[in-house]
Amino acid sequence: MPQVTPLQAQAPWVEVSTTPEDWAAADPTLLATMLGQMQLIRAFEELVLQLAREGLVHGPAHSSIGQEGGAVGSVLALGPSDGVNGTHRGHHQFLAKAIAYVAPTLDLQALVTEELREVLRKTLAEILGLAEGFGKGRGGSMHLQWMEAGALGTNAIVGGGVPLAAGNAWAQKHAGTQDVTVTYFGDGASNIGSVLESMNLTAAWDLPLCFFIENNLYAVSTHVAEVTGDHRLSARGPGFGIPAWRVDGMDPLAVYLASQEAVGHMRAGKGPTVVEAEVYRYFHQNGPFPGSAFGYRSKEEEAAWRERDPISRVEREMVARGLLDEEAVAAVRKQAVDAMAEVAAAMIEADPEGKPGTRRIKPDAWPDPAFVDVGVRGDGSELEGLRAEEQETFSGELVEKRFIDVVAGVMHRRMETDPSVVVLGEDVHRLAGGTNGATKGLKDAFPERILGTPISENAFAGLGGGMALDGRFKPVVEFMYPDFLWVAADQIFNQVAKARHMFGGENKVPFVLRSKVATGTGYGSQHSMDPAGIYATAPGLRIVAPATPFDYVGLMNAALALEDPVVVLEHVDLYASTGPAPAEDYDYIIELGKAAVRRQGEDLTILTYLSMVAHSLEAVEQTGVDAEVVDLRWLDRASVDWDTIGESIRKTNNVLVVEQGAIGTSYGGWLSDEIQRRFFDWLDQPVQRVHGGEASPSISKVLERAAHARTEEVVAGIQRVVEGFGG
Amino acid sequence: MADVATIIRLPEVMANATEAVIASWVAAEGSEVSVGDVLAEIETEKAVVEMNAEEAGVLAKHLVPAGSLVQVGAPVALLLSSADESYELAALLGEEAAQAQEPPAGSAPQPTAAVEAPAAAGEQAEGPAEGARSRVFASPIARKLAREAGVPVERLQGSGPGGRIVRRDVERYLAEAPAPSATPSRPAPPVTAAAPAGAQAELEPLSPMRRAIARRLTESKQQVPHFYLVAEPRVDALLAARAQANADPSRRKLSVNDFVLKAVAAAFRAVPEANVAWSEEGIRRFSGVDVAVAVATEGGGLLTPVVRGVDRLSVTEVGAAVADLAARAREGRLRQDELEGGTTTVSNLGMFGTREFSAILNPPQATILAVGAAVPSPVVVDGRLEVGTTMRCTLSADHRAVDGALAARWLAAFVEAVENPVVALL
């Protein structure tokens, strides 16, 4: 018989409930504010459902009616500089934070101040998709953001906002504050990787993040007990070393008291917390009908939960303490309902073309359709005033350096001059500069800002996104291999790349993603892609692809100075190469959107980037064709250098787009499309392309070589073009 | 009578023209036409000519609107035997197209076969199958260059994949062909839309004639080695002879230019070595003297109708011929053959008071004479200064065919003829 010793998780897990003494001792102002907030939120959401019924809400209307106690109880434990974010069901969380920001306490005699009315109006406008909204109508119900108030943005990807909240918490901690972040999500999101990865990461780094689980028992129609082993979701906290509180979410005071404890724990620098509040939404996932109408639960169950309504609870307790009478209770509700009717009247009117009684959005409240693509990215003006250099005209000293040393060198220089730069990724802190030496010497010089992460690309990429949105730090996230972008795809494409546009076009997202490109290293099908074409599908991302050490310095500096997310592609073939690089000067940029002509030619324009620049030059020498080789350097749609490309095409009339990777994920497709539309009359043959095979490269050396393009394939491509010359 | 329905096609209105503009429709849709009736006016590079009905019937439909540039042989109108006939235009046109495309027996597979061939990812696209379709395959830049040079792509031989006409084919054609042009006849619109600062300008579309003038004269000035000789003959005797002739009211009035033309003919008779034209094959020597006369037309055009056999005509006949040609040139009613040939050209701006000018050669001609105004001038006779009437004439010559001394001898013969009109008229 083995000896069995029971083990205890290191972190505690407790349940918190209130006693009559707690209610008797509660500050009357706290209770009044609690009630006022909940009444405002409920009146607000009732109006939203009414408008949804009238067909005036485009898209889903995820109401939280019934759940108000969780959000309000927890927000009242926070201060104005604390942050919150949430999920698709986030009206109540957003409103609680926004209301608390403009009115930390509420007066039940005069509930709705002018400032508060404006918050309600801008929130409703956003949900209806109108110009006055917090996100100018872009985000709607599921993307409510008011950074000033610490409302960091609600999220339509279940669990998608959690890594971003972790980034916010990182920034709060490392800026030396005691501020905390609360990320709200539900029972459904408790099962998704982003959340669990973030629990692990924040626990490892002691970040002040509260994982606030609004367990309303149903993920759409699926009961929590159906999809997890222990439906008491706070049980997960101790598994990650995070203390957890379980509380009845229909008791706002209990939520408040539990949250106070959690916040105290975080402000003390002890790391993250989990608070699970069991709540109930009276309506279905979406829209104005109860869940029972869809058959996944009973009317009796709903009635039983309504008996425990958080608003009624606070009203009862306040009346019992003599703080309110029945008349005053009714007056609070009336003030909230009247305020919402007034707010609605600002943007909704009788429909002159509809049946009597039908209403419509006031025509002038809509955004201008011309606004559709405004603010996808910044205008690049943040680079104005920075010194741009080109190798040919560089007046400083140039010496021969290894590419990889320049990678570490320029980062060292920037971290020296800019204390906001933070590097994070797998093994970046060990192995003498990560797997390739790209962060060599940095951990010793900047121990607090070189962060070796757990193997959680989605969490640490999102954490970087949260840091960038906060703005106090500039994250440099490293992907050890390019194919890992798929693991982190939600954070890179749904969150970071869309964060500026989706919330109205004004968020700055100073985020740098370094991605290795490792074609030819024998790592096989899941490590060998050229990701440029995939990144190029996201309009919010800028992409740079340095082919020389000199350019690496300037492009990395530009990437760090830009307030857009920038992907910096680094090819391992180049790491070992040497080339002229500045001896001392690591402080210049390469001009935004400027390609480099590496070889002048008359007969053919080769458009290429990264390691294929050298392969193309080699192929041109071998064939003797008078080709012009353009190193694109800036690859994204907004930054690509059409002036240089156009000038070359008008001269040569023949184009060969050269890249290394497989055709499916290739970069050249969109470029060729754009070329034939911009320069059709200047082409003497179809845009020709060099790229890899169809499948991802295999491990076998022979098959791997056959799967991607190098000099030989460029030679063949040039010969194809030459056949097209005729003559 | 017409067949039940006949497609009328653009006739080949002039040699070497592959396209022309339907300047206007004379016969309206629905009108009855007889053989020889004018259906439309057609503007080519050089002239406006009439398109006549070859069959009687009802002109049922204009297939192209007035102002359209149409390829020779393209359908332009539908003629019915009577207004009552119904017709299926698409079927009529399709029938013709089908006939035109009928493959020779035993040749090409069904046209669908090429389309069905599956293309693997990354595979090179198929080039156009030769002869499978009637359209011409040319790369965009080749079409653009050909259009700018005024060369129909149909005239080019494609050397690219599948016989595609590519840039190099156009360039080779332009380098080799006798009628290439270095100057775009229709420059591409500027890439930037910004208007230049300064005076406002309106863009007037180029007529075929304007294009032809631009192309031919640019080509001439750039490619033909011009040189110029100036002479200033006295014309007192010529003016006296003219006055004498014009004194008879029953006769048609003669112009100074009519005498000049006769003098030109006389000079060529005296110096036949100058009556030549350059060609790559050799120097062409003419036996007669056909003089083209530059005529300004309404709307800023320039035509050069030819007076044939000036050396054999009397001055009166020359005058009548010039008057007729000039009048019809101004009306755009010249026949194509009246615009062709010519061994030399006379351009006279004397009537505008122009004292002296030099003219651009009209290829392949080797000479052109620019004639200024006859004005009173100081002349020296036997060492004494007196007032005479002189007329400055500038001969432009193509040095490839005519050397300086030869041109000088010709000009001396011309001066001799002008100053002694009776000799010239003999």
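The model is a predicted one, in which local features need pLDDT of at least 70 and side-chain atom pairs count only at pLDDT 80 or more, while totals for chains, interfaces and linings use all residues. Residues are numbered from 1 along each chain as its sequence is written, and chains are lettered from A and ligands numbered from 1 in the order in which they are written.

Chain A contains 26 helices and 24 strands; these are DSSP runs numbered from the N terminus, with helices being H or I of at least four residues and strands being E of at least two. With a radius of gyration of 29 Å, close to the 27 Å that the globule rule gives for 727 residues, chain A is as compact as a globular protein of that length. Here the radius is taken over C-alpha atoms, and the rule is 2.2 Å times the number of residues to the power 0.38. Along the principal axes, the C-alpha atoms of chain A fill a box of roughly 95 × 80 × 50 Å. Of its 727 residues, 58% count as buried, a label given when 20 or more other C-beta atoms, placed from the backbone, lie within 10 Å of a residue's own.

Because 6 of its 6 residues are buried, β9(A) is largely enclosed by the rest of the structure. Thr273(A), Val275(A) and Ala277(A) point one way from this strand, and Val274(A), Glu276(A) and Glu278(A) the other way. Strands count as paired if DSSP finds at least two bridges between them. Strand β5 (residues 209-215) of chain A runs parallel to β9(A) over 6 bridges, and strand β8 (residues 244-248) of chain A is joined to β9(A), also in parallel, by 5 bridges. Glu276(A) stands opposite Ile213(A) and is also the bridge partner of Arg246(A).

Further along chain A, 6 strands form an open sheet with parallel pairing, in the order β14-β13-β15-β16-β18-β17. The edges are β14 (450-452) and β17 (542-544) of chain A, each with a single partner strand, so one side of each is left without a neighbour in the sheet. The twist averages 20° from one strand to the next; angles run from 0 to 180 degrees between N-to-C directions, and axes are lines fitted to C-alpha atoms, for helices over the stretch in contact.

Another open sheet of chain A has 5 strands with mixed pairing, ordered β20-β22-β21-β23-β24. Its edge strands are β20 (596-599) and β24 (688-690) of chain A.

In chain B, the axes of helices α7 (residues 256-270) and α8 (residues 315-331) come within 9 Å and cross at roughly 115°. The contact of α7(B) with α8(B) has 5 nonpolar, 1 polar and 2 charged residues; Ala, Val, Leu, Ile, Met, Phe, Trp, Tyr, Cys and Pro count as nonpolar, Asp, Glu, Lys and Arg as charged, and the others, Gly among them, as polar.

Finally, the contact between the chains takes 16 residues from chain A and 17 residues from chain B, where contact places C-beta atoms, built from the backbone, within 7 Å.

Notes: A residue is buried if 20 or more other C-beta atoms lie within 10 Å of its own, exposed if 12 or fewer, and partly exposed in between; C-beta atoms are placed from the backbone. Two residues are in contact if their C-beta atoms, placed from the backbone, lie within 7 Å.
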